[in-house]
Amino acid sequence: MRRAALLAFAVLLGIVAFGLPRPPAPEGPTFTGSPLEGRATRSSVWYCPMMSAGAIRDTWLSVASVDGVEVQISLPSPIPNEEVDGSQFAMPGPGARSIEIASIVRRGDAPGFIELDNGPAAVAAVMATEGIEEGTTALTGDRCTDSVPKLWHLPGATTRTQRTSNLRLFNPFPEPAKVTVGGTSEFGDVGLLGLSAIDVPGRSWTDINLNQLVSLLDDIALTVSSDEGLVIPSLTVSTDVDEASWPGTGLATSWSFPVATIEDLPGFVVISNPGDAPLSVDIDVHTFDSALVAARTESVPAGQPVRIPLSDLADGPFGIVVRATAPVAAVVVAEDVATTTAEEDTSDVEQIDAGRIAGTVGITEPVRRWLLPGIGGIDEAPTTIWLLNSGTEVASVTVQPLGGAAIDAETFEVAPGTVHPIELRSIGVAGYLVDADSPIAAGWSIEFGGGVAFVAGSPVGG
């Protein structure tokens, strides 16, 4: 009798719950990593989901630090119960060092976590892949993350023709995780069936090929939420000859992108609105010599992403600032959208150019100090530092090379409302320390073998 009563009560609760309205969309994750100003005073752990080393791929993992630091690199094995591969070293400060993952292990995919006993410090990873055409290279990479929220946002995925999107869920912790992946597209809810309660064992990772689930969607914005345990996600978008990847983020009303487009590579900003109401965004363009405030204003519907082209807003390379009326997630994707048909007679170079792609996350708040690990990891690769001053005063910025080479620091004046490029061909340098007398945003780009990558800087102080 009692059992029957309990069963009836449970059924009643289920009916009531089913009739409740949908809970409001979350405003964004609460990060458990070190706060912006806290990186100078305590140790940190950085997570790099998208790394690989094998027959045709290698990754340069780079660490930069203001003070001396002890570094421990850990690369979990894909085989259960196997020992974690790794390396450790001491680095004087200020300094930077790049490590080839292939010097630690060669087994293909090799996501890892990096433990640092001091700060300020930052970690980034750049991966090079031998292209399908002889002498070509695909580049991808971005900064790693030192925060572990339970909810992540990853806009910018696509399954349109000639594009492949892969989501990696990396669990660096010994405890298993259970994850739910949601998604919306230009048509609203994507309907990613079977992506609830995904099991990700401890010290392992799971890859999800979105093209096998939903095809021919131009824009997909993903959310990754942890039901049990924690994961660190990363999204990769690939063409036939190049690829781009970026980590998950939270939400913000302002996103700065020091590099949004480079020569001959059109830029787009993809914005995801997870809220219940439409919102408006203004896009400010910052060129080498001027600012175009609210160069474009767009409405972003509730619950779907919008891809906004940037190439018609200004000529040449530039940076942007996205200002939204409510919290959004945003990434910049620069890609050659030209396509060829079987009838067209194109050279190899034209085919390579048609597939170049780069992408990066934005910066929520300009600060006075930045670390840019990873520059110089690939010898002689043309690299550019991008300094964005969205303020109203001239910023005096000192750029200090870090690494084995004894190269003097240089100071640059960045006019208000402009982006300032610094072109490099670094040898013996593994990163840079950027100090400014007023808040700025910093990032960098790299080109090599036909591939291109954008990398966001890491803020290390107010």
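## Strands and cores in a predicted model

In this predicted model, Thr236 has Ser245 of strand S19 as its bridge partner. Strand S18, covering residues 232-238, runs antiparallel to S19, and five bridges join the two.

Both strands belong to an open sheet of four strands, ordered S16-S12-S18-S19 with antiparallel pairing. S16 and S19 are the edge strands, each pairing on one side only. On average, and with direction ignored, neighbouring strands of this sheet are turned by 20° against each other.

| Strand | Residues |
|---|---|
| S16 | residues 204-209 |
| S18 | residues 232-238 |
| S19 | residues 243-247 |
| S25 | residues 318-335 |

Now for the nonpolar cores. The largest one has 66 residues, and Val269, Ile271, Ile320, Ile385, Leu387, Val397 and Val399 have the most contacts inside it. A second, separate core has 35 residues, among them Leu195, Leu210, Ile232 and Val331.

Val269 is worth a visit of its own. Setting aside neighbours within four places in sequence, Val269 is in contact with residues including Phe257, Ile283, Val306, Ile308, Leu310, Ile320 and Val322. Its contacts also include Arg307, Ala330, Val331 and Val332.

Methods: Residues numbered from 1 in each chain as written. Predicted model: local features only at pLDDT ≥ 70, side-chain atom pairs only at ≥ 80, totals over all residues. Heavy atoms only, no water. Core = buried A, V, L, I, M, F, W, Y, C linked by side-chain atoms within 4.5 Å. Buried < 20%, exposed > 50% of the residue type's maximum accessible area, 1.4 Å probe, protein only. Contact = heavy atoms within 4.5 Å. Pairing = 2+ DSSP bridges. Axes fitted to C-alpha atoms, helices over the stretch in contact; angles between N-to-C directions.
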